[in-house]
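Dear colleague,

I am handing over the structure below, and after it you will find notes on what was found.

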Amino acid sequence: MELNAGFTALIAVSAIRFTLPITILKWPLGGFLLAILGDISDVMILQKWPPDIDPLYYHRFDKFFDTYYLFFAFLASRRWPDRLVKKTAAWLFAWRFAGFAIYEATGFQAVFALAPNIFENFYAFGAVVHKWFQNYRLTTRRLVLWLLILGLPKVFQEYIMQYRYPGSAWPFFRDNLFRGIYR
């Protein structure tokens with residue numbers, strides 16, 4: 001049986017997205033960055049060799065693998081010594097996971113605008129602090145400030161991707177943010 005290029009690309013993307021997040025357990029920051037690159041690469045790979053699949057299937061496929069790599073980040077965050085950071089990470093992951101579960105149960109994509117992936121930015125922040133700034137301690141006031149700094153861009157991104165331009169966010173970003181690169 002011969003596989004077409006689109007199906008082969010989907011298998012390759014699946015292998016990348018399944019394998020890279022495991023590295024987060026060994027290298028919490030480096031593995032996380034690799035997982036994000038894997039997430040980004042699927043758009044580029046599947047645009048070059050598009051599989052013959054329903055866009056809704058791809059969206060569910062992408063959200064599953066997003067949640068999969070975030071779960072490994074959540075596991076790594078459980079090893080952080082700062083209790084406030086650890087509890088905040090757990091709450092943010094649970095919030096995003098609840099949004100994912102609601103989406104899977106209902107297909108209501110805009111739920112991601114209500115459950116934005118603030119955990120992703122917060123985890124990156126926590127991993128950097130844990131790796132290079134071990135003496136930095138978050139107070140409640142600092143935590144609120146950091147959540148605003150890290151969360152507001154994610155809220156905007158989720159609004160654009162999940163509510164304002166569902167299913168067409170990549171062309172929006174490509175045409176508005178990366179205009180010179182992709183023309």
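Throughout this message, contact means that heavy atoms lie within 4.5 Å. The model is a predicted one, in which local features need pLDDT of at least 70 and side-chain atom pairs count only at pLDDT 80 or more, while totals for chains, interfaces and linings use all residues. Residues are numbered from 1 along each chain as its sequence is written, and side-chain values use heavy atoms, with hydrogens and water left out.

To begin with the chain as a whole, its secondary structure comes to 8 helices and 0 strands, where helices (H or I, at least four residues) and strands (E, at least two) are DSSP runs numbered from the N terminus. Read from that terminus, the order of elements is therefore α-α-α-α-α-α-α-α. Of the 183 residues, 38% count as buried, a term that stands for under 20% relative accessible area, with exposed meaning over 50% and partly exposed in between (1.4 Å probe, protein chains only). The accessible surface of the chain comes to about 10,800 Å², and 68% of that area belongs to carbon and sulfur atoms; the areas come from the Shrake-Rupley method with a 1.4 Å probe, and for residues only the protein chains shown count as cover. Among the contacts in the chain with a separation of 6 or more, 69% are accounted for by residues 24 or more positions apart.

H1 (residues 5-19) and H2 (residues 28-48) pack at an angle of about 175°, and their axes are 9 Å apart. That makes H1 roughly antiparallel to H2. Here the axes are lines fitted to C-alpha atoms, for helices over the stretch in contact, and angles run from 0 to 180 degrees between N-to-C directions; angles under 35 degrees count as roughly parallel, over 145 as roughly antiparallel, 65 to 115 as roughly perpendicular and the rest as oblique. On the H1 side the meeting residues are Ala9, Leu10, Val13, Ile16 and Arg17, and on the H2 side they are Gly38, Asp39, Ser41, Asp42, Ile45 and Leu46. Sorted by class, this contact has 6 nonpolar, 2 polar and 3 charged residues, with Ala, Val, Leu, Ile, Met, Phe, Trp, Tyr, Cys and Pro counted as nonpolar, Asp, Glu, Lys and Arg as charged, and the others, Gly among them, as polar.

Which residues does the side chain of Asp42 reach by a polar contact, and at what distance? The side chains of Asp42 and Arg17 are joined by one of 2.8 Å, a polar contact being a pair of N or O atoms within 3.5 Å, of which, within protein, one must be able to donate a hydrogen and the other to accept it, and for which residues adjacent in sequence count only if both atoms are side-chain atoms. The side chain of Arg17 also makes a polar contact with that of Asp39, at 3.3 Å. Arg17 counts as buried because its relative accessibility is 3%, and Asp42, in helix H2, counts as buried because its value is 0%. Beyond four places in sequence, the residues that Arg17 touches include Asp62, Phe65, Asp66, Tyr68 and Tyr69, while Asp42 is in contact with Val13, Arg17, Tyr58 and Asp62.

Ile36 also lies in helix H2 and is partly exposed, with a relative accessible area of 22%; leaving aside residues up to four places away, Ile36 touches Tyr69 and Glu120.

Outside its sequence neighbours up to four places away, Lys63 touches Arg96, Phe100, Tyr103, Phe112 and Gln162, and its C-alpha atom is separated by 9.2 Å from that of Glu104, which is 41 residues apart along the chain.

Ala90, placed in helix H4 (residues 83-106), is partly exposed, with a relative accessible area of 23%, and, neighbours within four places aside, is in contact with Phe74 and Arg78.

Finally, Leu150 in helix H7 (residues 140-164) counts as buried at 13% relative accessibility. With residues up to four places away not counted, Leu150 touches Asn121, Phe122 and Phe125, and the C-alpha atoms of Leu150 and Phe125 are separated by 8.2 Å.
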